[in-house]
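Trainee: I would like to learn how to read a structure of this kind, one feature at a time. Could you take me through it?

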Amino acid sequence: MKVKNILVSQNAPAEFDKSPYAELTKKYSINIDFFKFFRIEGVSSREFRETHVSIPAHDAVVFSSKTTVDYFFSLVKELRIELSEDMKYFCTTDQVAFYLQKYIQFRKRKIFFNKNNNPKGVFDLFLKNPDQNYLLPCGADSMGTQYVEFFKEHDIKYTQAVIFKTVPADLKASIDITKYDMIIFFSPSGILSLKANYPDFEQGEDIAIGALGAPACQAVKDAGFTLNVEAGTAQNPSLSTALDAFLKVNATRKR
C-alpha cells in the first residue's frame, strides 16, 4: 500500500503550517485535504416535545462541550422555558463552565466543573451530588455515553435528551473520493456520511482508513472496513503519532 493523498474528515486547522499535519506533509511528501463530512443541526421544538422529556423536572444539567451548551439554550429559548434559579450545571472542563456565562450569570447559578480539566474527573462531582436528577443533553448519535454507564452503576437518576443531530454533508459536489489513498475519521457520523454519499464505495486493498478514538474506530469496523490506523490508544495517543508510524512504511516517498 502506497499513500500519497489523504482526506481528513474535518475542517482544516486554523494554523495549518503550525500543525502536526504540516510536518507530515513535508516529511513524507504527501498531500492532505480537509473536508468536514457532516454538519450539526438542532432538533426542533416539535421534535423535542415528542420525546416527552421535561427539562424543568430535572435538578441539574451536564455539559460536555460548548456545542451542547449552545444547542441546549437555543432549545430552551424556543420552548420558552424558564430555568429554575436552583438548577445546577455540571461541566467536564473549566472552558465549558466559563462558556456558560454567555447564557447565564455565573455567580447567580450553581456551576460545578472539574478543575483538573480531565473530562472523567466530573464523575467525582456526580458522586458528591448523588441525589440530583441529571439531564444529559446530547446528540442523536451519542446516546451510549460513558455518563450513562456511570449513572446506572451508581444508581443515580438521569435522563438523556437529544438536542442536536448530525446530517451528512454533500461530499459528491466537492470531493472526488477516488483520488485518495487514505481517509481519516473522527466519529461514527463521518462513516455514515461516507456511506450516504458513496453507497458503492469499496475500500479494497489500495485505500487505507484511519480513525481517532474508540467510537470512530469501532464504527469503521462495524461498517465492514479494515482499520489501518488506530489513534487514541496508549501506543498512539494522537493522530499525528499514529499517522507518522504508518507513513514510515506506506508513504510513496520520504524526504
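This is a predicted model: local features need pLDDT of at least 70, side-chain atom pairs count only at pLDDT 80 or more; totals for chains, interfaces and linings use all residues.

Trainee: How many helices and strands does the chain have?

Mentor: Helices (H or I, at least four residues) and strands (E, at least two) are DSSP runs, numbered from the N terminus. Here the chain has nine helices and eleven strands, and its C-alpha atoms fill a box of roughly 60 × 40 × 35 Å along the principal axes.

Trainee: What percentage of the residues is buried?

Mentor: Buried means under 20% relative accessible area, exposed means over 50%, and partly exposed lies in between (1.4 Å probe, protein chains only). In this chain of 255 residues, 47% are buried.

Trainee: How many bridges join β1 to β2?

Mentor: Two strands pair if DSSP finds at least two bridges between them. Strand β1 (residues 5-8) runs parallel to β2 and is joined to it by four bridges, with Asn-31 as the bridge partner of Asn-5. Together with helix α1 (residues 20-28), these strands make a right-handed β-α-β unit; right-handed means that, with the strands pointing away from the viewer, the path from the first strand over the helix to the second runs clockwise.

Trainee: Which residues touch the most other members of the largest nonpolar core?

Mentor: In soluble globular proteins, nonpolar side chains tend to be buried together. A nonpolar core is a set of buried Ala, Val, Leu, Ile, Met, Phe, Trp, Tyr and Cys residues joined through side-chain atoms within 4.5 Å. The largest such core here has 26 residues, and those touching the most other members are Phe-48, Phe-63, Phe-72, Phe-73, Tyr-89 and Leu-100. Among the elements that give two or more residues to this core are β4 (60-63), α3 (66-79) and β8 (158-168), and α3 gives the most, with six residues. There is also a second, separate core of 23 residues, which includes Leu-171, Tyr-180, Tyr-198 and Ile-209.

Trainee: Is Gln-132 buried or exposed?

Mentor: Gln-132 counts as buried because its relative accessibility is 13%, and it lies in the loop between α5 (122-128) and β7 (134-139). Contact means heavy atoms within 4.5 Å; leaving aside neighbours within four places in sequence, Gln-132 is in contact with Asp-59, Ala-60, Lys-88, Ile-156 and Lys-157.

Trainee: How many salt bridges does the count come to?

Mentor: A salt bridge is a side-chain nitrogen of Lys or Arg within 4 Å of a carboxyl oxygen of Asp or Glu, and by this rule the count comes to seven. One of them joins Lys-27 to Asp-244, with the closest N and O atoms 3.1 Å apart. This pair links distant parts of the chain, with Lys-27 in helix α1 and Asp-244 in helix α9 (residues 239-250), 217 residues apart. Lys-27 counts as partly exposed because its relative accessibility is 36%, whereas Asp-244, at 19%, counts as buried.

Terms used: Residues are numbered from 1 along each chain as its sequence is written. Side-chain values use heavy atoms; hydrogens and water are left out.
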